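Please have the sequence and the model open while I speak.

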Amino acid sequence: MCISDLWKLGITDPIETKTKLEIQEETLNHFQKTITENRLQSSKRKLIATGKFEEYQDVLDLWLSEKIIEEVNDNKENFVHYLPHLHVIKENSTNKIRPVFDASARTKGSPSLNDCLEKGPNFIEVIPTILNHFRKYKIGVISDIEKAFLQIGVREQDRDFLRFMWYDRENRDHIKIYRHHRVVFGVTSRPFLLGATLNHHLDNDHGNFDNVAKIL
């Protein structure tokens, strides 16, 4: 007897004999049996316990106003990835608290986002080279780019892999979905993207950068 004969006898996959409602109920039951508390809830608890929730929320609100992130209101389920995040506190910094995203987080049987990204060549000069530059001339000049990584945009078609969740300021039980517009802290290719972007602009400035930038 061949496979096609089994179909004629009415032997089918059990999943095909179940109604859509039964499948949905089984899915819900499986979810309720296997759900565990996630890192999002843990992060919220720690922020509330230390009195830092509002301060953390202020940073995200600022990012939202500066279009570093945007709120997502769709129900898209395919080809999206959510990044867990936590807070880092530096008391002596001008930005005492900031979100850091864990692009190395894995779920069982699946790679992390960083596993799927090329790290790229390192364009950051090593310290001995920098020190040698300072010894060549009488005057040394240094500069800093404010929020350097957050100045680099991410293509729209790639932003859904940089989603994350956080709570509403007024209703801390209501979860909102956001996604990044800019390069994310915690992504393995971040140093390469910054170095490559700077090199691109310095090599193709078209008069937008002073020539001294090339010398430095």
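Predicted model: local features only at pLDDT ≥ 70, side-chain atom pairs only at ≥ 80, totals over all residues.

**The chain as a whole**

Of the 216 residues in the chain, 24% are buried, where buried means under 20% relative accessible area, exposed means over 50%, and partly exposed lies in between, with a 1.4 Å probe and protein chains only. Residues are numbered from 1 along each chain as its sequence is written, and side-chain values use heavy atoms, with hydrogens and water left out.

The chain holds eight helices and five strands, taken as DSSP runs numbered from the N terminus, with at least four residues (H or I) for a helix and at least two (E) for a strand. Read from the N terminus, their order is α-α-α-α-α-β-β-β-α-β-β-α-α. If we take the contacts with a separation of 6 or more, 65% of them are between residues 24 or more positions apart, a contact being heavy atoms within 4.5 Å.

Let me now turn to helix H4. Which residues of H4 are buried? They are Leu40, Ser43, Lys44 and Leu47, and because they cover an arc of only 100° around the axis, they sit on the same side of H4; the arc is that of the directions from the helix axis to the C-beta atoms. As a general point, an α-helix has 3.6 residues a turn, so residues three or four places apart point the same way. On the other side of H4, Lys46 and Ala49 are exposed.

Ser43 belongs to H4, which spans residues 39-49, and Ser43 counts as buried because its relative accessibility is 10%. Apart from neighbours within four places in sequence, Ser43 is in contact with His85, Leu86 and Trp166. After H4 comes Gly51, which has a positive phi, near 70°.

For a contrast, consider Ile130 in helix H6, residues 127-136, which counts as partly exposed because its relative accessibility is 35%.
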